[in-house]
Amino acid sequence: MSVPGSRREAIAAERASAPTSSAVAQLLRAGVASGAGQKMGVAMAATGLVLAVTLPSTQVSEDLHLDTAAAVSAETLVTAGAQIPITFATPEIGSALNPDGQLKETLKVNASNVTPQASKGTLSAPLLTLVESSPFGNRISPITGQIDERHTGQDYAVASGTEVLSAAGGTVTFSGWHDFGGGNRVVIDHGNGLSTSYNHMSANLVQVGQKVERGDVVGLSGSTGASTGPHLHFEVIIDDEVVDPKGWL
């Protein structure tokens with residue numbers, strides 16, 4: 001039987017009123033979850049000792065998070081002087097073909113050995129506008145009516161007096177009257193066995209030995225010689241043999 005007011009009863013009463021370890025744990029968790037970030041002093045009368053518990057502050061972490069968000073959302077201002085033109089147009093991309101260089105590469109071998117795939121497009125048109133009429137090859141002669149006449153070039157319908165252009169650079173080897181129906185005729189040697197001729201012209205504007213460039217005017221179209229009307233008879237000659245001009249244009 002206990003003695004009232006004794007020392008033993010006083011100690012028992014203190015222990016009975018002290019918070020349990022589970023209650024302290026709950027208190028700690030509540031402090032962290034609250035985010036207050038302040039020191040919380042917990043005084044416990046346990047065995048006559050006072051226990052002070054300091055909770056870590058979350059203020060630094062919160063500040064760091066806010067600063068990072070501000071940095072991510074920051075806008076960069078780009079400026080340009082008033083004199084700088086600004087356009088959203090798509091830049092044009094293109095390249096220019098060098099037909100003279102292509103012809104030079106093609107004619108590194110003799111023209112007679114050039115394949116149709118290699119020759120295509122190496123000569124320029126002898127007129128600004130090409131209107132095909134009578135093609136290269138066998139035909140019925142419009143003059144004599146011969147059924148199997150061999151037409152040695154490609155004809156283009158054109159008004160008299162139209163400028164006739166050199167199909168490539170070279171040297172004029174003939175400029176005069178053609179005794180076999182070509183009328184006023186010009187022949188240009190382009191090298192390595194390749195030549196071109198321009199026929200039925202009303203006027204020849206170049207002389208033998210003259211150097212010409214691609215696109216130079218060599219004469220004016222007409223209807224001279226064996227012709228039924230104004231047109232240009234254009235020939236491609238390889239080692240003195242005519243071939244289809246369309247394979248080179």
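This is a predicted model: local features need pLDDT of at least 70, side-chain atom pairs count only at pLDDT 80 or more; totals for chains, interfaces and linings use all residues.
Helix H4 (99-106) gives the lining of the second largest pocket its largest share, three residues. The chain has five helices and 12 strands, and 28% of its 249 residues are buried. Of the contacts with a separation of 6 or more, 57% are between residues 24 or more positions apart.

**Second largest pocket**

- Two elements, helix H4 (99-106) and strand E6 (183-191), each contribute at least two residues to the lining of this pocket.
- The lining consists of Asp100, Leu103, Lys104, Leu107, Gly169, His190, Gly191, Asn192 and Glu213.
- By residue class, this lining comprises two nonpolar, four polar and three charged residues.
- Asn192, one of the lining residues, lies in the loop between E6 and E7.
- The phi angle of Asn192 is positive, about 55°, although Asn192 is not a glycine.
- Asn192 has a relative accessibility of 38% and therefore counts as partly exposed.

**Largest pocket**

- The volume of the largest pocket is about 530 Å³.
- Its lining is made up of 28 residues, of which Arg139, His151, His200, Ala226 and His233 are the closest to the centre of the pocket.
- Strand E2 (149-151), strand E7 (194-201) and strand E11 (231-238) each provide at least two of the lining residues.
- E11 supplies the largest share of this lining, with four residues.
- The lining of the largest pocket contains six nonpolar, 15 polar and seven charged residues.

- Ser134 is located in the loop between helix H5 (116-119) and strand E1 (137-139).
- Its relative accessibility is 16%, so Ser134 counts as buried.
- Beyond four places in sequence, Ser134 touches Arg139, His151, Gly153, Gln154 and Asp155.
- Two of these contact partners, Arg139 and His151, are also among the residues closest to the centre of the largest pocket.

**Nonpolar core**

- In soluble globular proteins, nonpolar side chains tend to be buried together.
- The largest nonpolar core has 25 residues, and Leu123, Val186, Leu194, Tyr198 and Trp248 touch the most other members.
- E6, E7 and E11 are the elements that give two or more residues to this core.
- The most residues, four, come from E11.
- When residues up to four places away in sequence are set aside, Leu194 touches Leu103, Leu107, Ala111, Leu123, Ile188, Asp189, Val236, Ile237, Ile238 and Trp248.
- Among these partners of Leu194 are Leu103 and Leu107, which also line the second largest pocket.
- Leu123 and Trp248, likewise in contact with Leu194, are among the core residues that touch the most other members.

**Aromatic pair**

- A pair of aromatic rings is described by the distance of the centres and the angle of the planes.
- The structure holds one aromatic pair.
- The pair consists of Tyr198 and Phe234, whose ring centres are 5.4 Å apart and whose planes meet at 50°, so the arrangement is tilted.
- This pair links distant parts of the chain, with Tyr198 in strand E7 and Phe234 in strand E11, 36 residues apart.
- Tyr198 has a relative accessible area of 0% and is therefore buried.
- Phe234 also counts as buried, because its relative accessibility is 0%.
- Tyr198 belongs to the largest nonpolar core, where it is among the residues that touch the most other members.

**Thr106 in helix H4**

- Thr106 lies in helix H4, the element with the largest share of the lining of the second largest pocket.
- A relative accessibility of 12% is under the 20% limit, so Thr106 counts as buried.
- Its contacts, apart from neighbours within four places in sequence, are with Val114, Ala118, Ser119 and Thr122.

- Asp239 is found in the loop between E11 and strand E12 (241-243).
- Its phi is near 50°, a positive value in a residue other than glycine.
- Asp239 counts as partly exposed, because its relative accessibility is 39%.

Conventions:
Residues are numbered from 1 along each chain as its sequence is written. Side-chain values use heavy atoms; hydrogens and water are left out. On a 1 Å grid over the protein atoms alone, a cavity is a set of points where a 1.4 Å probe fits but cannot get out, and a pocket is an open set with protein on both sides within 12 Å along at least five of seven lines; lining residues have an atom within 4 Å of a point. Grid points are joined across faces, edges and corners, and a volume is the space filled by probe spheres set on the points. Ala, Val, Leu, Ile, Met, Phe, Trp, Tyr, Cys and Pro count as nonpolar, Asp, Glu, Lys and Arg as charged, and the others, Gly among them, as polar. Rings of Phe, Tyr and Trp (its six-membered ring) pair if their centres lie within 6.5 Å; planes under 30 degrees apart count as stacked, over 60 as edge-to-face and the rest as tilted. Buried means under 20% relative accessible area, exposed over 50%, partly exposed in between (1.4 Å probe, protein chains only). A nonpolar core is a set of buried Ala, Val, Leu, Ile, Met, Phe, Trp, Tyr and Cys residues joined through side-chain atoms within 4.5 Å. Contact means heavy atoms within 4.5 Å.
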